[in-house]
Amino acid sequence: MKQIHILWADDEIDLLRPHIIFLESKGYSVTAVNSGQDAIDACSENNFEVVFLDENMPGISGLETLLQIKKQNPALPVIMITKSEEEDIMEQAIGQKISDYLIKPVNPNQIIMAIKKVVQAQDIISQKTTTNYQSEFMRISMQINDSFNTDDWKKVYKNLVFWELELEQANNNMDEMLQMQKNEANATFIKFIKKNYENWFKENNSRPLMSPDIFKTKVFPLLDNGEKVFFILIDNLRLDQWRVMQKELAKWFNFTDDDTFFSILPTATQYSRNAIFSGLMPAQIRKMYPELWVDEEEDEGKNLNEEALIQTQLDRFRKKYKFSYHKINTNQAGEKLNEGIKQLLDNPLNVVVFNFVDMLSHARTEVKLFRELTPDEAAYRSLVLSWFKHSSIAEFFKILSESGVSVVLTTDHGAIRVKNPVKVIGDKNTNVNLRYKVGKNLNYDKKDFLVINKPEIIGLPSPNISSTYIFSCNDDFIAYPNNYNYYVSYYKDTFQHGGISLEEMIIPIVSMKPKKQ
């Protein structure tokens with residue numbers, strides 16, 4: 001480990017000589033000065049990893065010195081040392097972004113701990129996280145192999161997401177090891193889905209919480225309890241992306257129910273979101289409300305009837321709750337929604353769809369610069385978090401937290417970064433999605449797909465009598481033989497949805513209550 005250089009500024013520096021000798025015996029390099037001006041000059045002439053700064057010095061005070069040092073080097077950690085415990089002084093120091101503070105008299109152990117906290121913490125965290133993951137690796141592998149039901153798989157995926165975020169913060173080189181484990185989990189999960197998915201829809205068989213069950217299980221109980229509910233759906237939001245957003249929302253909300261559920265297949269907006277809002281499987285929507293369902297081969301938009309579908313679900317369950325519906329596609333539309341929230345608070349139910357994450361996904365596919373800026377999951381996650389923090393949606397949640405309403409937040413499906421092209425041949429009526437196809441004359445390698453020859457068994461409509469659905473697995477994506485090389489290079493490493501993977505199918509459903517009630 002490289003030597004750490006410390007600047008210590010105190011007008012009684014000679015009295016601190018034993019502490020300096022102690023630090024040097026531990027391998028630290030210490031430069032000692034006895035005034036604020038000397039500290040400022042030393043920082044301008046030398047590179048230090050940390051500064052110990054006495055708060056009460058004659059001439060330029062510790063707080064003034066702190067301000068000048070931060071102007072020179074905003075990233076330099078400063079530890080304030082003070083005799084005073086006055087709240088005002090501490091608030092000023094914290095406001096000027098001190099890294100830590102110590103109260104005199106200080107002892108050697110306090111000094112060492114402060115250095116480790118502000119200078120060496122990242123290295124210590126990285127080493128400890130790496131060690132912890134290495135010890136967990138075999139346990140996770142056993143958990144993957146021993147997953148026999150949907151609850152097991154939800155736990156596996158939550159565990160993998162936890163370690164993905166932990167290892168990212170640790171900034172180590174465990175990416176390949178984790179990716180190997182994610183691939184192992186997805187390969188086993190796909191076998192589980194192929195074996196069990198059809199059985200979930202057989203009469204008298206139990207199934208996990210799925211898209212059509214969300215309003216019935218998560219929204220109606222709150223409404224029936226007299227609560228006012230904002231139901232918020234962020235399109236195409238993965239569990240890992242939700243976890244980083246959750247840290248921001250924790251400032252304003254308590255999470256009363258932090259769960260996941262299974263998106264129906266195809267994990268695509270036309271199917272999964274319509275199922276959420278209607279409380280029905282797509283085949284049931286087409287049969288019961290044909291005017292509200294749009295088949296794959298039709299040109300019109302596939303999600304233009306969401307408000308009407310919500311109303312059908314309320315009517316079927318004899319819920320007389322007044323509701324509003326809003327689809328937000330631009331930041332301007334989000335700001336307009338924020339301005340009108342107070343007018344919505346009288347409604348028992350307000351439904352808001354935010355399409356920004358899905359738009360980011362499409363932009364990453366279509367715009368080379370976006371792909372360069374987000375080469376992997378971590379960078380893409382960071383982009384999603386940046387959007388959340390700086391768009392109108394952050395202000396939207398802040399307003400909700402001040403309004404005392406309950407919030408149910410979810411998504412319709414996730415997405416996976418695709419890498420491996422597989423060939424499918426279909427006629428001109430075959431849909432364009434890269435993760436699933438539906439058609440009557442499809443030519444493909446069966447080992448690459450979950451094949452559903454009778455769509456009605458899993459609640460899907462058949463555009464034609466002989467329609468077959470095929471679903472891509474793991475990180476495969478479908479490419480036509482025509483102009484094959486061009487499309488493979490264009491779509492490889494993009495985030496897609498519609499098929500079978502942990503990332504697409506196991507998605508967040510969260511109930512929140514404001515902290516300021």
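Student: Leaving aside neighbours within four places in sequence, which residues is Ile60 in contact with?

Tutor: This is a predicted model, in which local features need pLDDT of at least 70, side-chain atom pairs count only at pLDDT 80 or more, and totals for chains, interfaces and linings use all residues. Residues are numbered from 1 along each chain as its sequence is written, and side-chain values use heavy atoms, with hydrogens and water left out. Ile60 sits in the loop between strand S3 (50-54) and helix H3 (62-72); helices (H or I, at least four residues) and strands (E, at least two) are DSSP runs, numbered from the N terminus. With contact meaning heavy atoms within 4.5 Å, and neighbours within four places in sequence left aside, Ile60 is in contact with Gly36, Gln37, Ile40 and Thr65.

Student: Is Ile60 buried, partly exposed or exposed?

Tutor: Buried means under 20% relative accessible area and exposed over 50%, with partly exposed in between (1.4 Å probe, protein chains only). The relative accessible area of Ile60 is 25%, so Ile60 counts as partly exposed.

Student: How many residues does the protein have, and what percentage of them count as buried?

Tutor: The protein has 21 helices and 18 strands. Its C-alpha atoms fill a box of roughly 90 × 50 × 40 Å along the principal axes. Among contacts with a separation of 6 or more, 74% are between residues 24 or more positions apart. The chain has 517 residues, and the buried share is 55%.

Student: Which residues have the most contacts inside the largest nonpolar core?

Tutor: A nonpolar core is a set of buried Ala, Val, Leu, Ile, Met, Phe, Trp, Tyr and Cys residues joined through side-chain atoms within 4.5 Å. The largest one has 109 residues, and its largest share, eight residues, comes from helix H7 (residues 150-170). Apart from this core lies another, of 20 residues, including Ile6 and Ile115. In the 109-residue core, the residues with the most contacts are Phe231, Phe277 and Phe397.

Student: At the start of H18, which backbone nitrogen does a side-chain oxygen of Asp376 reach?

Tutor: A polar contact is a pair of N or O atoms within 3.5 Å; within protein, one must be able to donate a hydrogen and the other to accept it, and residues adjacent in sequence count only if both atoms are side-chain atoms. The side-chain oxygen of Asp376 comes to within 3.3 Å of the backbone nitrogen of Ala378.

Student: Which side chain is joined to that of Asp259 by a polar contact of 3.3 Å?

Tutor: Asp259 is in strand S7 (residues 253-262) and, at 18% relative accessibility, counts as buried. Not counting residues up to four places away in sequence, Asp259 touches residues that include Lys158, Lys218 and Pro508. The polar contact of 3.3 Å joins Asp259 to the side chain of Lys154.

Student: Which backbone oxygen does the side chain of Thr267 reach at 2.9 Å?

Tutor: Thr267 is in the loop between S7 and helix H11 (269-278), and its relative accessible area of 0% makes it buried. A polar contact of 3.4 Å joins its side chain to that of Glu504. Beyond four places in sequence, Thr267 is also in contact with His413 and His497, among others. At 2.9 Å, the side chain of Thr267 reaches the backbone oxygen of Gly499.

Student: How many disulfides does a search of the whole structure find?

Tutor: Cys43 is buried at 14% relative accessibility, and Cys473 is buried at 6%. A disulfide is a pair of cysteine sulfur atoms within 2.5 Å. Across the whole structure, the number of disulfides found is zero.
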